[in-house]
Amino acid sequence: VDKSGPSPGPDPPCPSRTDGPTMRVGNISIGVAGAALAYALNRLLADRQRAREIREALANGFECVDLSDIELQCAGEDAPITVATVYEGILGPEQVDSLRARVAAAARANPWLCGRLAPGADRRRWIAVYAPSKPPDSTLAEALVHVVDDPRLRPGLPLAEANALLYAHDMGGGALLSAQGRTRGPVFRVTAVRGEGACAVVVALSHTAGDTSTLYRVHRMVAGIDPVEPLVFQRVPAPHEGPRAAGARWLMVGPVQRFSLAAVLSVLRRRQHHVLLELDQAAIAAAKAARAHDPSGPAPYVSSWDVTAAALYRALGGEAGAFTVSLRGRVPGVTAAHAGNYLALAVAPAWECQRPEGVRAALRAALGEYGLPAADDGRLPGLPCALAWRVALLTSWRMGPTEMPLPGCRAVGHFPTWIPGVSMPRFAVIFDAGPGRVAVAAHAHSAAAADALRAMPIAKGPLVLAW
């Protein structure tokens with residue numbers, strides 16, 4: 001019997017010390033160390049570039065203006081404040097020269113309009129405005145006006161299409177942020193858009209540098225409505241931020257255990273509905289007159305704003321309502337001549353803000369006449385839901401006359417260029433659409449809420465351009 005059989009073959013290899021869990025841990029350690037080294041190198045290069053930019057700005061006659069905490073937040077979150085006026089007529093050299101001369105006059109009185117957002121000299125203030133330390137020359141001031149051609153702008157263009165077209169011509173995100181926190185961007189810009197038989201003027205201000213009140217002060221100077229005069233661009237110290245901070249704390253803190261990932265994801269999935277409506281001022285006046293006044297109560301009277309806000313809150317829904325309040329003239333040291341972000345945040349639960357008297361009481365509370373509700377009263381949801389989903393935010397852009405005369409052209413409408421990416425699904429802006437016309441631009445979280453906005457007793461109908 002042949003017992004030799006097949007050859008057993010070579011012996012199996014012995015385990016190597018470079019195989020198995022030990023090697024994998026080593027690879028991970030090398031990867032982590034490499035990522036940390038790359039981040040440190042990136043940070044070093046960014047810091048060197050940041051220091052070089054600061055030196056260049058200061059050497060070129062620019063001065064650094066440190067911003068408030070609110071403005072630092074605006075830099076990371078908010079797009080520029082942008083308004084557009086649409087005209088029927090031809091935008092020729094005469095109109096462009098007239099616009100450039102008026103913008104240059106406003107810039108010479110307010111050199112900060114020619115400034116730029118850049119890294120702050122203080123590392124704790126990661127962004128600042130670098131403004132010319134003396135009135136700019138005509139070349140720098142006139143460079144604030146950009147002229148673009150867009151044949152899509154023509155008489156008869158619907159408002160929604162005009163808004164989308166002009167939104168593309170504003171100055172972008174205001175502050176462009178990189179992973180290292182570097183910032184870029186102009187403070188102010190005017191864009192003249194030439195179309196076919198129609199034109200438009202778009203005025204944009206970085207929200208980092210100022211609020212809507214600041215924008216319209218400059219807008220009226222450029223329009224020739226207000227005299228050209230310098231605004232105070234140096235910031236008033238922190239006390240003016242107290243009311244807003246108090247309101248924000250009540251809005252944000254709450255039982256965090258109510259955090260719901262499903263609710264946050266639903267915000268990202270839902271499609272927002274955009275509504276542009278003209279408001280019926282006669283209906284608002286009648287609703288205001290019908291409210292009883294109680295001089296001894298928390299709301300001694302109601303205003304047209306209170307009536308309008310309550311109607312919008314009822315249509316938008318949500319568990320709470322919030323709106324911004326200007327602190328100019330209401331806080332020591334902050335006057336109408338101050339350029340910047342001087343805002344308080346008024347907040348109220350839904351059952352209060354959906355009544356005009358509740359809106360008035362919330363306003364008085366934000367201004368310190370009445371205390372805010374306790375932060376732990378449990379009436380609002382937790383942080384993510386409160387900020388992104390459950391709160392309806394209103395703001396008023398009614399800041400006085402909005403005309404921007406152009407020789408030989410007829411204005412057919414004025415409106416804020418609507419921001420498609422507003423993160424809050426319940427959001428509305430009240431504004432003057434022209435002489436005697438008040439309108440609202442709203443984001444609704446659902447088709448039902450959009451229909452409720454259109455069915456409001458104070459709604460006159462869709463807002464249209466007066467071609």
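Let me begin with Asp 226, which forms a salt bridge with Arg 220, their closest N and O atoms lying 2.8 Å apart; by salt bridge I mean a side-chain nitrogen of Lys or Arg within 4 Å of a carboxyl oxygen of Asp or Glu. Please keep in mind that this is a predicted model, in which local features need pLDDT of at least 70 and side-chain atom pairs count only at pLDDT 80 or more, while totals for chains, interfaces and linings use all residues. Residues are numbered from 1 along each chain as its sequence is written, and side-chain values use heavy atoms, with hydrogens and water left out.

Is Arg 220 buried or exposed? With a relative accessible area of 10%, Arg 220 is buried, whereas Asp 226, at 22%, counts as partly exposed, given that buried means under 20% relative accessible area, exposed over 50%, and partly exposed in between (1.4 Å probe, protein chains only).

The structure holds eleven salt bridges, and another one of them joins Glu 88 to Arg 410, with 2.7 Å between the closest N and O atoms. This pair links distant parts of the chain, since Glu 88 belongs to strand 2 (residues 81-88) and Arg 410 to strand 12 (residues 410-416), 322 residues apart; helices (H or I, at least four residues) and strands (E, at least two) are DSSP runs, numbered from the N terminus.

Finally, there is an open sheet of three strands in the order 1-4-3, with antiparallel pairing, where two strands pair if DSSP finds at least two bridges between them. Strand 1 (62-66) and strand 3 (116-118) stand at the edges with a single partner strand each, so one side of each has no neighbour in the sheet.
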